[in-house]
Amino acid sequence: MMMLRYTLACLLIFSLGLTSSSARQAPYSLRISCGARHNVKTPPTYVLWYKDIAYTGGVPANATPPSYITPPLKTLRYFPISEGPNNCYNIVRVPKGHYSVRIFFGIVDQPNFDKEPLFDISIEGTQIYSLKSGWSSHDDQVFAEARVFLMGGTSTICFHSTGHGDPAILSIEILQVDDQAYNFGQGWGQGVILRTATRLTCGTGKPRFDEDYSADRWGGDRFWNPMRSFGEGADSPRSTENTIKKASVSPNFYPEGLYQSALVSTDDQPDLTYSIDVEPNRNYSVWMHFAEIDATVTAEGKRVFDVVINGDTFFEDVDVIKMSGGRYTALVLNATVAVSGRTLTVVFQPKGGGHAIINAIEVFEIITAEFKTLRDEVSALQKMRKALGLPSRFGWNGDPCVPTQHPWSGVDCQLDKNTSRWVIDGLDLDNQGLKGFLSNDISKLKHLQSINLSQNSIHGGMPASLGSITKLEVLDLSYNSFNGSIPETIGELTSLRILNLNGNSLSGKVPAAVGGMLLHRVRFNFTDNAGLCGIPGLPACGAHLSSGAKIGIAFGVSIAFLLLVLCALIWWKRRQNILRAQHIAARGAPYAKKRTNVSHDIQMTRHGHNNNHGQARTAVENGPSLLS
């Protein structure tokens, strides 16, 4: 049995007391042309689209627009599966407020690319839409749109691969709307997202955006899909150029032109019926727009009908002139419907032989926003991703735990009901080719119960901060390249049940507190660590030295080695000097001998001369010796 509930939001909005959009500043707007290298403006309104450099990863490419309503942009950005299943635009400095977020999809203009990729879309961690096969052939399916509250700062829009082609995005629009826009009553608020399922303008064959109507910018530039008829012979169109009162007013600011066309039922088919395929077991908000523009209906009571949704009457005796206050005056009715099946059907049933009328219909899926992951834990995971050298194929982008349909690979999450936040309670990254190191940031994941980093190539020491993760039950670091000693703090993990450190390069004595865990039936494996000692199953330890003593010994050995090198260098230098002196002396010996012989001849000559003169002279008188 289908459960129904509805909220009557008969918006008979009077001008008195309403806030005019002209009395405040223009709404915030940001339009991004994905893959563009330069800002561009597009006709006919020449709206500005910003380039998307630095917003995200992915690959820019030329685009093929799937529909004539698609913005006339020439590029897109697609996200290969090699970059991971989750890819996001992180858009900074978006003011806090209520927004219409719209994403147009594109088709990569290259051969051998999937012409209709299928993927999921999330905003701020909440999945809003899944593309279905055939989307490129339906104008109202070439984009996804949602009304969402953004809390200020960085806003995240993510695209999640489902194995059916690479997500390809043509454009993103973030357009501010009134904080009370589409307030459907009980249950509405900041924790609610309204995804546009359909938006119809009746009695016309021309699709239009709000800007085509020259509508107020606070309306969010909605797209209105034309509905010329609900079926052959089922209705007839009406139109007018008369001014429509109470149309473009707060908080929804509907364009006046929306009410200048309509469909009216016929004598052959007095009921007007509209059906739309929906997701089962969801809540939907239905907004119906009326204005009496038929020249044949001039007074109250001339047109009365009921509104029936999925077999239940939501509004009885609807008299547009009476309820709106006159002809050519806008009337909006809203109902909230819980649907268990896959079809939502709205029927306008006339009374007293008359005809029903409808100007426009909007249908929104009501989505409860997901709780987010604790910010500190998200930051810790991002830092660990870099430290561990996590491959890009993991796609650790966005929120680790939400949307719940696409959590991060290797991360286990649990909802903390006390804080209404997701927390990380498990890391399962065994055998993933990790080659980095385990940073102290892991201690910020205070809710971890299990860590499995086995069979990788993680190097460096075990961080002492592991001992602060008090809920940890399983720690498996086996078959890596961890070195150094086991931190004393591991003995403080009182909840630990399994500790696998085998297959590493750990050394030193196992801390007594860790060894004592054997008494608490903790399962150990310390094998294949050649330097570990001190507990049963491992070698006995020799004289145990403190860390300070080990450092002192290492320092002393280093000094002794340096002194030895210095002495060897001095000896070598002295030896080189001696050899050089000997070599010089050897070269000078023949010259010294010759000079000695010459001196002797001179002396002999002088002595002969002295004898001839009979005079004797001293050495001083003879002059200096040539061998001085």
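In what pattern are the bonded cysteines of the protein chain paired when numbered in sequence order? The pairing is 1-2, 3-4, 5-6. The views below come from a predicted model.

**View A. The disulfide of Cys88 and Cys158.** The sulfur atoms of Cys88 and Cys158 lie 2.0 Å apart, and the link is right-handed, with 100° about the S-S bond. Distant parts of the chain are joined here: Cys88 belongs to strand 6 (residues 86–94) and Cys158 to strand 12 (residues 153–164), 70 residues apart. Cys88 is buried at 5% relative accessible area, and Cys158 is buried at 5%.

**View B. The disulfide of Cys401 and Cys413.** An S to S distance of 2.1 Å separates Cys401 from Cys413. This link is left-handed, with -85° about the S-S bond. Cys401 sits in the loop between helix 2 (375–388) and strand 27 (411–416), while Cys413 is in strand 27, twelve residues apart. Cys401 is buried at 3% relative accessible area, whereas Cys413 is partly exposed at 25%.

**View C. The disulfide of Cys533 and Cys541.** Here the sulfur atoms of Cys533 and Cys541 are 1.9 Å apart, and the link is right-handed at 105° about the S-S bond. Cys533 is buried, with 12% relative accessible area; Cys541 is partly exposed, with 28%.

**View D. The second largest pocket.** This pocket holds about 550 Å³ of space. Its lining has 22 residues, with Asp140, Gln141, Ala197, Ile276 and Asp277 nearest the centre. Strand 14 gives the largest share of the lining, five residues. Nine of the lining residues are nonpolar, six polar and seven charged.

Notes. Residues are numbered from 1 along each chain as its sequence is written. This is a predicted model: local features need pLDDT of at least 70, side-chain atom pairs count only at pLDDT 80 or more; totals for chains, interfaces and linings use all residues. Side-chain values use heavy atoms; hydrogens and water are left out. On a 1 Å grid over the protein atoms alone, a cavity is a set of points where a 1.4 Å probe fits but cannot get out, and a pocket is an open set with protein on both sides within 12 Å along at least five of seven lines; lining residues have an atom within 4 Å of a point. Grid points are joined across faces, edges and corners, and a volume is the space filled by probe spheres set on the points. Helices (H or I, at least four residues) and strands (E, at least two) are DSSP runs, numbered from the N terminus. Ala, Val, Leu, Ile, Met, Phe, Trp, Tyr, Cys and Pro count as nonpolar, Asp, Glu, Lys and Arg as charged, and the others, Gly among them, as polar. A disulfide is a pair of cysteine sulfur atoms within 2.5 Å. Buried means under 20% relative accessible area, exposed over 50%, partly exposed in between (1.4 Å probe, protein chains only).
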